[in-house]
Amino acid sequence: MDQYSPQGFRFLPTVVKHLLIINVLVFFATIALRRYVDLESLFALYFFKSEMFRPWQYITYMFMHANVEHLFFNMFALWMFGYILENYWGSKRFLIFYIICGLGAAIVHTCVTAFSYYGTASAISVYAQNPNPDDLVNLFQSKFAGHYNIGVFNDFLNQFRLSPGNQTLQAQSIDMANQMLHASANIPTVGASGAIYGILLAFGMMFPNQYIYIYFLLPIKAKWFVVIYIAIELLSGIFGTADGVAHFAHLGGMLFGFILIRYWRKREFQRWDRQ
């Protein structure tokens, strides 16, 4: 099916409507209750090495958002593509798909974070065998780029360069690296983007030749729109834009969405084939 007809479709079906309401309520509750309880520390997704990690965060993180812009664009995309898919699939299947994509995004993000975390821990162990200013610069630039106070680091580095053999400074440099590693485990991940990217992929697979209008002006077929987004996220994730966006989580949502759609199609084909 390449096209769809909005006649008879609900423009605010049940699941999309409730997801919109829940996300908006959680966002404003996070702000309103900030003085009394830190909802982000409870419901945002933390890496499992963090003391703030809780298992339920794999679900709850997708209902948290960083700011109004983050919330608006995710909810707009949820409505724009989600209401069509919910009408096409039905509410139960759409909700399952949404949750699986969000969960898949969290799992992939955790795997990528673990790869980076343990790689950094290994690099710190190597550095600790021969701490020196040049290797410290390389370590911080390669592993902690964009996440540390450059002024504080440079002040310490200047002292370290003057006395590279000072064992106290060497020990402090190792401690700085370990503190940054610990801090990296405490960076929260929030947002419905992983589930939204799964929905975007599903729209492209269900309606590949349907036109999407970029900025409401430039028409592009859904299948090419999805391919472009995958390419952008993949390149951003590989080359590390340090923009605070979990690009591999977006790709994870798409991957799990693709697998689920393929599974559904195969199961339905087998059911029809037996009849």
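This is a predicted model: local features need pLDDT of at least 70, side-chain atom pairs count only at pLDDT 80 or more; totals for chains, interfaces and linings use all residues.
1. Overall make-up. The secondary structure of the protein comes to 11 helices and 2 strands, and along the sequence these elements follow the pattern α-α-α-α-α-α-α-α-α-β-β-α-α. Of the 275 residues, 42% count as buried. Among contacts between residues at least 6 apart in sequence, 72% join residues at least 24 apart.

2. Packing of α4 on α9. Helix α4, residues 68-89, packs with helix α9, residues 193-206, at an angle of about 40°, and their axes lie 9 Å apart. That angle makes α4 oblique to α9, since angles under 35 degrees would count as roughly parallel. The crossing of these two helices is left-handed. On the α4 side the contact is made by H70, N74, A77, L78, F81, G82, I84, L85, Y88 and W89, and on the α9 side by S193, I196, I199, L200, A202, F203 and M206. By residue class, this contact divides into 13 nonpolar and 4 polar residues, with no charged ones.

3. Packing of α5 on α9. The axes of α5 and α9 come within 7 Å and cross at roughly 125°, and the two helices are therefore oblique to each other. Here α5 passes α9 in a right-handed crossing. The residues that meet are F94, F97, Y98, C101, G102 and A105 in α5 and G194, A195, I196, G198, I199 and A202 in α9. The contact of α5 with α9 divides into 9 nonpolar and 3 polar residues, and again no charged residue takes part.

4. Length and burial of α8. Helix α8 runs over residues 167-185, and its 19 residues, at 1.5 Å a residue, should span 27 Å; the end C-alpha atoms are 28 Å apart, which agrees with that expectation. The buried residues of this helix are L169, Q170, S173, I174, A177, M180, L181 and A185. What covers these buried residues includes α5 (91-129), α6 (133-143) and α7 (150-162).

5. N178 and I124 are 54 residues apart in sequence, yet their C-alpha atoms are 7.4 Å apart in space.

Key: Residues are numbered from 1 along each chain as its sequence is written. Side-chain values use heavy atoms; hydrogens and water are left out. Axes are lines fitted to C-alpha atoms, for helices over the stretch in contact, and angles run from 0 to 180 degrees between N-to-C directions. Helices (H or I, at least four residues) and strands (E, at least two) are DSSP runs, numbered from the N terminus. Angles under 35 degrees count as roughly parallel, over 145 as roughly antiparallel, 65 to 115 as roughly perpendicular and the rest as oblique. A crossing is left-handed if the near helix is turned anticlockwise from the far one by less than a right angle, and right-handed if clockwise. Contact means heavy atoms within 4.5 Å. Ala, Val, Leu, Ile, Met, Phe, Trp, Tyr, Cys and Pro count as nonpolar, Asp, Glu, Lys and Arg as charged, and the others, Gly among them, as polar. The expected span of a helix is 1.5 Å times one less than its number of residues. Buried means under 20% relative accessible area, exposed over 50%, partly exposed in between (1.4 Å probe, protein chains only).
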